[in-house]
Amino acid sequence: MKKVGLLSRIIIAILLGIGLGMIAPDWFIRIFATFNGIFESFLSFCIPLIIVGFIVPGIGELGRGAGRMVGLTAIIVYASTIGAGMLAYGTAELTFDSLLSGASLVNSGNPAEKLLKGYFLLEMPPLFDIMTALILAFMLGIGITVVQAKTLMSASVELKGIISKVISTMIVPLLPFHIAGIFMNMTQAGTVATILQVFIKVFAVILCLHIISLLLQYSIAGALNKRNPFKMLRTMLPAYLTALGTQSSAVTIPVTLQQTKKLGTDEEVADFVVPLCATIHITGSTITITSVAAAILMLNGHMLTLEQMFPFILMLGVTMIAALGLFQSMLGFDAAMISLAIALYVAQDSFGTAANVTGDGAIAQIIHYFKNKSKQKDRLRLQEKSVPVQG
């Protein structure tokens, strides 16, 4: 299997998972569900360490201007997210009226409740949560550049080496089995397929918007770096498929990082942009949530207005984790509408996460361009200073 590429292994895992999900008995699927639970627990333990282990030396190695690069990344990510939300709103305004004509609301429930549970769960609590890891990583990374903490920098590089070894020898080889188990369980549950049949047209539009969003992101990244955006997207395909199976940007960090570096991205840039974007870059999810919200509003006889949807999108870009609260406070969803929103989002969540993850490579390439441009300016300044004054 080592000779088989990661992309091929992921595709095989997805196909096997779907096939076995159709015919395997529950006891067999529960074995994989047990493995999935343990593996997810291990990943939850590792993710904060991955964030600290890669972002700290990544920022530290950027040296002067590290804070500027972090700020630039956050601005680009937020602009990308808001643009994706507005794209979804505009499309819903133009197309959903005809797509949803004759459709009615259904009591779909939550698809996650239909999944089989493992025989047991081995808890591995992380040392700290993801937000704590991000803040700690920023403080240490920028602090290293300010006070020139060579010892701490050396320790962070060694930590990165350890985490990299864990990723390459444990996480990446086991990911295909994890993905196979997830698809196996989802296939036997069947509820996702039911929801897809009811809202297939809306989901088709969402997938098209994901593709358009990725094409725009990679067209910008490709134009800046003089590279073919389609070849760049093909390079990121293993990350897309991994996220499709795991439904987690954070879990996919090792594969996203690996493929982003294959794009030719500066290693220092990739090491801090990818873990950061895994928590804040949500273009795919923003498209999904905005479209789902628009569809439910229209099915309940409400008019879509820019005055209502634009603030919702702005807040979504800042606080995706509180999306359910935004549905209620900003869009006026009742309990039944929120229940349907959860069901629709869960049914399509894999594709939104996959779009988020794949777009991280484009963000890294854009930051790569600005870093190179900054280096060129610094070299020109040094050259100008070194030229002797005539006369």
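**Confidence**

pLDDT is the predictor's confidence in each residue, from 0 to 100. I began there, as this is a predicted model. The chain has a mean pLDDT of 82, and I found that 84% of its residues reach 70 or more. Helix H8, residues 229-235, has the highest mean pLDDT, at 95. Helix H6, residues 191-198, has the lowest, at 57. A reminder to myself: where pLDDT is low, the predicted coordinates should not be read in detail.

**H5 and H9**

I then turned to helix H5 (residues 150-189) and helix H9 (residues 237-246). Their axes come within 8 Å and cross at roughly 45°. H5 is therefore oblique to H9. The crossing in which H5 passes H9 is left-handed. On the H5 side I listed Leu175, His178, Ile179, Ile182 and Phe183 as making the contact. Their partners on H9 are Leu241, Thr242, Leu244, Gly245 and Thr246. Sorted by class, the contact of H5 with H9 holds six nonpolar and four polar residues, with no charged ones.

**H10 and H11**

Which residues of H10 meet H11? I noted Ile253, Thr256, Leu257, Thr260 and Lys261 in H10. In H11 they meet Glu267, Ala270, Asp271, Val274, Pro275 and Ala278. Helix H10 spans residues 253-262 and helix H11 residues 267-280; they pack at an angle of about 145°, and their axes are 10 Å apart. I have this crossing of H10 and H11 down as right-handed. The contact of H10 with H11 has three charged residues, along with six nonpolar and two polar.

**H7 and H12**

H7 passes H12 in a right-handed crossing. From H7, I wrote down Val202, Ile206, Leu209, His210, Ser213 and Gln217. From H12, they meet Thr283, Gly284, Ile287, Thr288, Ser291, Val292 and Ala295. The class count for the contact of H7 with H12 is seven polar, six nonpolar and no charged residues.

**Aromatic rings**

How many aromatic pairs are there? Counting rings whose centres lie within 6.5 Å, I get four aromatic pairs. I checked Phe35 and Phe39: their ring centres are 5.6 Å apart and their planes lie at 15°, so this pair is stacked. Both belong to helix H2, residues 26-62. Phe35 and Phe39 are four residues apart in H2, so about one helical turn separates them.

Note on methods
Residues numbered from 1 in each chain as written. Predicted model: local features only at pLDDT ≥ 70, side-chain atom pairs only at ≥ 80, totals over all residues. Heavy atoms only, no water. Helix = DSSP H or I, 4+ residues; strand = E, 2+ residues; numbered from the N terminus. Axes fitted to C-alpha atoms, helices over the stretch in contact; angles between N-to-C directions. Parallel < 35°, antiparallel > 145°, perpendicular 65-115°, else oblique. Left-handed = near helix turned anticlockwise from the far one by under 90°. Contact = heavy atoms within 4.5 Å. Nonpolar A, V, L, I, M, F, W, Y, C, P; charged D, E, K, R; others polar. Phe/Tyr/Trp six-rings, centres within 6.5 Å; stacked < 30°, edge-to-face > 60°.
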